[in-house]
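This briefing is meant for a reader meeting the structure for the first time.

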Amino acid sequence: MPVSPASPSTARAINDRLALGLLQSEGPLTANQLKQLTGLSRPSVADLVERLQGSGLITVVGEAGAQRRGPNARLYGIVADRAHLAALDVRTESVSVVVTDLLGAVLAEASAPIGGGAGTGPAVEQAVALVERTAAEGGVQRLHTVGVGAPGLIDPATGDLHDTSSLPAWHRRLAGALHERLGARVLVENETNLAARAERRDGAAHDRDTFVLLWLGDGVGAAVVLDGVLRRGASGGTGEIGFLPVPGTSTLPSATSCEGGFHSLACAGALRELGAEHGIPEPGMSGADVVRRAVETGEDAFLDAVADRVAVGAAAMAAILDPGCVVLGGEVGRAGGAELAARVTDRVTAMSPLRTEVRAGTLGGAAVLRGALLAARDAAQEELFGPRAGH
């Protein structure tokens, strides 16, 4: 069956979106550069530039070329303050927030302890007020989209955090309160999934369409990206590897607790206890601190024992998914770095016939916040640069 040609309005929308995508990825461009990169005729480029300027999406941001004068030298760029965004990294007892323009330039950022036994309502108020203050410090009157990264399961049908007794109640109330107070679109995503998004866009998995991010922190989890698509599962539970039954624990996990699963082998608390057996921890040191100290001082026996534990989870993901690449993230993954990743690679290679490279995450503690910002930015640009962008 023959395909009907696109209508003039559809063709214009496609051209506008193409040009906006180039301005987003390449930065400011002249009309001639847009012509070369899009393959459109000069009149078509002139029309789309006029449309996008008229709708407030692009503007002249400078001049290029040796002469630096005349219409051909004008550089067109996306209007960065067309919309403002916020990203939140929600911890059990704290929140970090960053406020940016539409292109991701940071305008203000802050972190603060939240909760402290104050109750659900006051904790929510503290978090929302932190976002409002940070936006005001950045000179932002209205936020268009807010991305929130938090621990826990996200219901794929509703986009809400699952009700679970292991997380503070204020986590589940926060998204609704942000939307009500700020009038912004609020997107909530699991922290590990956001870290994977950031590592794929800007970090250790930038060259991979298929990989697993293994999150090692106070809790353990995994994000699964197959053929460029984040996989969530029927209930949003893909990657809940903390519940994986493994050898080396004294019990089995249950429907209400991951104690006895891979969590009990590889979470930060378990690794701190393992460090104590090797005489490493000092008072106040976290599991990640212990791993970092071991890397700095060359505690080979301890690092080998940590790698043995982490490899159990990495090999399980390799056996089921064959991702070819596992990225170690979270506080412990960051602390172990390339040294831990190399040891885990050796063990997975010995345990599995499936070739699996283990890499250290490169974004460190900023991965969740970076992923939340990418989610907010992509959603805002999808809306603003949509089919009617130049109309």
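**Pocket and salt bridges**

In this predicted model, the lining of the second largest pocket draws at least two residues from each of strand E6 (145-150), strand E7 (185-190), helix H6 (191-202), strand E10 (229-231) and helix H12 (367-384).

- The volume of the second largest pocket is about 320 Å³, and H6 gives the most to its lining, with 6 residues.
- The lining of the second largest pocket is made up of 20 residues, and those that lie nearest its centre are Asn193, Ala196, Arg197, Val225 and Leu230.
- Sorted by class, the lining of the second largest pocket holds 11 nonpolar, 3 polar and 6 charged residues.

**Salt bridges around Arg91**

- Side chains of opposite charge can pair when their charged atoms come close, and the count for this model comes to 21 salt bridges.
- One of the salt bridges joins Glu191 to Arg91, with the closest N and O atoms 2.1 Å apart; this pair links distant parts of the chain, since Glu191 is in helix H6 and Arg91 is in the loop between strand E3 (84-90) and strand E4 (94-101), 100 residues apart.
- Glu191 has a relative accessible area of 9% and is therefore buried, because buried means under 20%, whereas Arg91, at 23% relative accessibility, counts as partly exposed.
- Arg91 also forms a salt bridge with Glu331, where the closest N and O atoms are 4.0 Å apart; Glu331 lies in helix H11 (residues 330-351) and Arg91 in the loop between E3 and E4, so this pair ties together parts that are 240 residues apart in sequence.
- Glu331 counts as partly exposed, at 25% relative accessibility.

- Glu132 and Arg181 form a salt bridge whose closest N and O atoms are 2.8 Å apart; because Glu132 lies in helix H4 (residues 120-137) and Arg181 in helix H5 (residues 169-182), the pair ties together parts that are 49 residues apart in sequence.
- Glu132 is partly exposed, with a relative accessible area of 31%, and Arg181 is partly exposed as well, with a relative accessible area of 39%.

Technical notes
Residues are numbered from 1 along each chain as its sequence is written. This is a predicted model: local features need pLDDT of at least 70, side-chain atom pairs count only at pLDDT 80 or more; totals for chains, interfaces and linings use all residues. Side-chain values use heavy atoms; hydrogens and water are left out. A salt bridge is a side-chain nitrogen of Lys or Arg within 4 Å of a carboxyl oxygen of Asp or Glu. Helices (H or I, at least four residues) and strands (E, at least two) are DSSP runs, numbered from the N terminus. Buried means under 20% relative accessible area, exposed over 50%, partly exposed in between (1.4 Å probe, protein chains only). On a 1 Å grid over the protein atoms alone, a cavity is a set of points where a 1.4 Å probe fits but cannot get out, and a pocket is an open set with protein on both sides within 12 Å along at least five of seven lines; lining residues have an atom within 4 Å of a point. Grid points are joined across faces, edges and corners, and a volume is the space filled by probe spheres set on the points. Ala, Val, Leu, Ile, Met, Phe, Trp, Tyr, Cys and Pro count as nonpolar, Asp, Glu, Lys and Arg as charged, and the others, Gly among them, as polar.
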